[in-house]
Amino acid sequence: ARVCSRSPSPAVCYNCNEPGHFSRECPKEKRPSRPQADSPERPQCFNCHEPGHYARDCHKARRSRS
Ligand SMILES: [Zn+2]
Ligand SMILES: [Zn+2]
């Protein structure tokens, strides 16, 4: 008898969505949880200093220098 795993449901990797292993054991490259893929040019917001968008697209409150 093989005492493999007692879990009724097979493990499905959250990284590559393939069954048989967990995401932490995934042989494939981990992809970030960000929906936006890394583009060659990464804009950085001058308002909140977060990458991924420009200051004009910033959803955060704008700093008014006064
Ligand atoms: Zn995987
Ligand atoms: Zn911003």
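Reader: Is Asn15 buried or exposed in this predicted model?

Author: Buried means under 20% relative accessible area, with a 1.4 Å probe and protein chains only. In this predicted model, Asn15 has a relative accessible area of 8%. Because that value falls under the cut-off of 20%, Asn15 counts as buried.

Reader: Which backbone oxygen lies 3.2 Å from a polar atom of the side chain of Asn15?

Author: Leaving aside neighbours within four places in sequence, Asn15 is in contact with Ser23, Cys26, Lys28, Glu29, Lys30 and Arg31. One of these residues, Glu29, also has its backbone oxygen at 3.2 Å from a polar atom of the Asn15 side chain. The backbone oxygen asked for is therefore, with a polar contact taken as N or O atoms within 3.5 Å, that of Glu29.

Reader: How many salt bridges does a search of the whole structure find?

Author: Side chains of opposite charge can pair when their charged atoms come close. Glu18 forms a salt bridge with Lys28, with 2.9 Å between the closest N and O atoms, and Glu50 forms a salt bridge with Lys60, where the closest N and O atoms are 2.8 Å apart. For the whole structure, the number of salt bridges found is two.

Reader: What is the relative accessibility of Glu50, which forms a salt bridge with Lys60?

Author: The partner in this salt bridge, Lys60, is partly exposed at 34% relative accessibility. Glu50 also counts as partly exposed, because its value lies between the limits of 20% and 50%. The relative accessibility of Glu50 is 33%.

Reader: What is the geometry of the site of the zinc ion (ligand 2)?

Author: The zinc ion (ligand 2) is coordinated at 2.1 to 2.4 Å by Cys45 (SG), Cys48 (SG), His53 (NE2) and Cys58 (SG), and these donor residues follow the spacing C-x2-C-x4-H-x4-C in sequence. Among the four donor atoms the angles are 104 to 114 degrees. Because four donors count as tetrahedral if all angles lie between 85 and 135 degrees, the site of the zinc ion (ligand 2) is tetrahedral.

Reader: Which residue lies over the face of Tyr54?

Author: The count of aromatic pairs comes to zero, but charged side chains do lie over ring faces, including Arg24 over Phe22 at 6.0 Å from the ring centre. For Tyr54, the distance from the ring centre is 5.7 Å, and the residue over its face is Arg56.

Terms used:
Residues are numbered from 1 along each chain as its sequence is written. Chains are lettered from A and ligands numbered from 1 in the order in which they are written. This is a predicted model: local features need pLDDT of at least 70, side-chain atom pairs count only at pLDDT 80 or more; totals for chains, interfaces and linings use all residues. Side-chain values use heavy atoms; hydrogens and water are left out. Donors are N, O and S atoms within 2.8 Å of the metal (3.2 Å for Na, K and Ca); water is not among the atoms, so sites may look incomplete. Four donors count as tetrahedral if all angles lie between 85 and 135 degrees; four count as square planar and six as octahedral if opposite donors are over 155 degrees apart and all others between 65 and 115; anything else is irregular. Rings of Phe, Tyr and Trp (its six-membered ring) pair if their centres lie within 6.5 Å; planes under 30 degrees apart count as stacked, over 60 as edge-to-face and the rest as tilted. A charge sits over a ring if NZ of Lys or CZ of Arg is within 6 Å of the ring centre and within 35 degrees of the ring normal. A salt bridge is a side-chain nitrogen of Lys or Arg within 4 Å of a carboxyl oxygen of Asp or Glu. A polar contact is a pair of N or O atoms within 3.5 Å; within protein, one must be able to donate a hydrogen and the other to accept it, and residues adjacent in sequence count only if both atoms are side-chain atoms. Contact means heavy atoms within 4.5 Å.
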